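Hi,

Have a look at it first, then read on whenever you have a moment.

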Amino acid sequence: MTREEITAKIAEIVRINLPGYEDVPLEENTRINNEAGVDSMTFVYVMCKIEAQFGISIPKRTWDKMLTLGDVVNAVEKELAK
Amino acid sequence: MKRCHHLCQLLSEQSPEATSLVFFAQGNKIHWSYKDLLKNIEDFPLPKARCVGVFASTTVEAIVSIFALAGKRRIVLLDPDSELSTLVAQIQKTHIGALLGDDELAAELHEYLDADTKCSDVDILFFTSGTTSKAKAVMLSEESLCAAAYNGGSLLPLRPEDTLLSVLPYSHVFGFVCALLWPLSFGCAVCLGRGTRSIFFDFGEYHPTVASLVPQMAGFLAAKKLFNPELRLILIGAGTCDSAVLNLIRSQGIQVSFGYGLTETSSGVALSLGVDPYAMSVCPDYQIEIAADGEIILHGGPTFMKGYYNDSESTANVLRDGALYTGDLGRVENGLLYITGRKKEILVFNDGTKLFLPEFEGDLRKILGQDADFAVLQGKDGSIILYIHKPTGIEEQIEKFNLAYPRSHRVAKIIYAPSPLPRTKTGKVQRYLITTD
């Protein structure tokens, strides 16, 4: 799977599940922090959706370090490569 | 029932085959009877260390460890999901000599243990607000925790046939008392949540009739319609809850009870039982006094903490002449307690966590400079607002700053104030004069 494909899949999950991101252009440098209603519970939900989509498990300790969509893509790529 | 062990003995005699715990092990759903639970507690090999840290997630290992150690060792309940630096600070502060409940994490933290600790007390320590050096550990007793479960249960009894889903970590006193001791004290079955990733599926898997949740979880699960049809009661505690969330849950045919309590009181002080979720009946054994400034002062509680660990000054500020000064503001009407705000410089979040403002603002000042003119406020949605006059253009600095904090404790919004912040003559920011709308 290419990085572009991974990014597109993650962007779709974010767009469906994160309030405030429905109509926002999502790029690798788009910030995913606790603005726009992304509280910790919502973020966990989105991460679970992403993990299920790719069949991976991203270490929970790294979740809070993710700032941008690109950070999530990096983590998914790293787990897929294992 | 004064002790966890006694509780299990009693239930094991009364209903030995009744289900005590339901959990998953290697993909299989396991049912333990009360007899099984008691046997595992009694067979548990006690470590030599006098002060034991337990990673208190919702696992059968954590429950057995805690119940077996209670009354025999000092126990420090730790949240395995905490930052490593936080865990190190907590281990060093309380001089933990052994760690149980997560072998991998225990190995990673082994070098910080104090094998020579010689403590004779058998307190159970819960960490409350504060993340690093200023973190406070509240010393509770097994008896006070059991009394709190009984106290709450006398107002809000469960049925022996109830099954309660337990998803909150036992390192949080609300989770330990209201999602473990409370259901066990009625001989109910407790279903152990499978961790953060599974909370969205646990209701569908276990079909509980009761759940104890923090406001954020309750609101999110209700909005996603993830509650099972058998669920009849949700006890919400450890933070303020928006009425829209409560109404949403009720619209799904589920009774909601809202609880007020502190770690310092071993959890429940008051519970809402009627239609108005904010009108709370005070648990037996407590008398409430409202001070001239509106602070809620509690008298006569058998569930009061012994004090803050190694912090007599902070203890003396809160426990005075047998009364506990809560730092919360409230009023009493027709015998019911209403919480109206907070006096202490602590922010309480809807995920059940707290933030000690002076410590947080001190950390911010380190990156913004000593001359920075700012205040940290909490928005109506519970998020953190940084209200700042100077310096400006700090977005990147704050973004980096945020990474050191859990998601709910991050600055969500920066508002630049057009003029210097209002202050008292002593230089303290007058937060109540600031409007952020």
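Strands S3 and S4 of chain B pair in the parallel sense, over 5 bridges. Strands and helices here are DSSP runs numbered from the N terminus (E, at least two residues, for strands; H or I, at least four, for helices), and two strands pair if DSSP finds at least two bridges between them. Within this pairing, B:Val52 has B:Ile75 of S4(B) as its bridge partner. S3 (residues 51-55) of chain B also runs parallel to S5(B), joined to it by 3 bridges, and there B:Val52 stands opposite B:Ala98.

Before going further, please keep in mind that this is a predicted model: local features need pLDDT of at least 70 and side-chain atom pairs count only at pLDDT 80 or more, while totals for chains, interfaces and linings use all residues. Residues are numbered from 1 along each chain as its sequence is written, chains are lettered from A and ligands numbered from 1 in the order in which they are written, and side-chain values use heavy atoms, with hydrogens and water left out.

Back to the sheet. It is an open one of 6 strands in chain B, in the order S5-S3-S4-S6-S7-S17, with mixed pairing. S5 (98-100) and S17 (307-308) of chain B are the edge strands, each pairing on one side only. Helix H3 (residues 60-69) of chain B packs on this sheet and touches S3, S4 (74-78) and S5 of chain B; its direction makes about 155 degrees with that of S3(B). For such angles, axes are lines fitted to C-alpha atoms (for helices over the stretch in contact), and values run from 0 to 180 degrees between N-to-C directions. Contact means heavy atoms within 4.5 Å.

How many residues of S3(B) are buried? The count is 5 of the 5, so the strand is largely enclosed by the rest of the structure. (Buried means under 20% relative accessible area, exposed over 50% and partly exposed in between, with a 1.4 Å probe and protein chains only.) B:Cys51, B:Gly53 and B:Phe55 are on one side of S3(B), with B:Val52 and B:Val54 on the other. In a regular strand the side chains alternate between the two faces of the sheet.

B:Asp123 sits in the loop between helix H5 (103-108) and strand S6 (124-127) of chain B. Is this residue buried or exposed? At 4% relative accessibility, B:Asp123 counts as buried. Its side chain makes a polar contact with the side chain of B:Lys306 at 2.5 Å. (A polar contact is a pair of N or O atoms within 3.5 Å; within protein, one must be able to donate a hydrogen and the other to accept it, and residues adjacent in sequence count only if both atoms are side-chain atoms.)

At least three residues come from each of domain 1 (4-141) and domain 2 (143-342) of chain B.

Finally, some backbone details. The peptide bond from B:Lys390 to B:Pro391 is cis, with omega near 0 degrees. B:Gln26 has a positive phi of about 50 degrees although it is not a glycine, and at 82% relative accessibility B:Gln26 counts as exposed. B:Ser267 has a positive phi too, near 95 degrees, but counts as buried at 5%.

Best wishes

Conventions
Domain bounds come from an automatic or database domain assignment.
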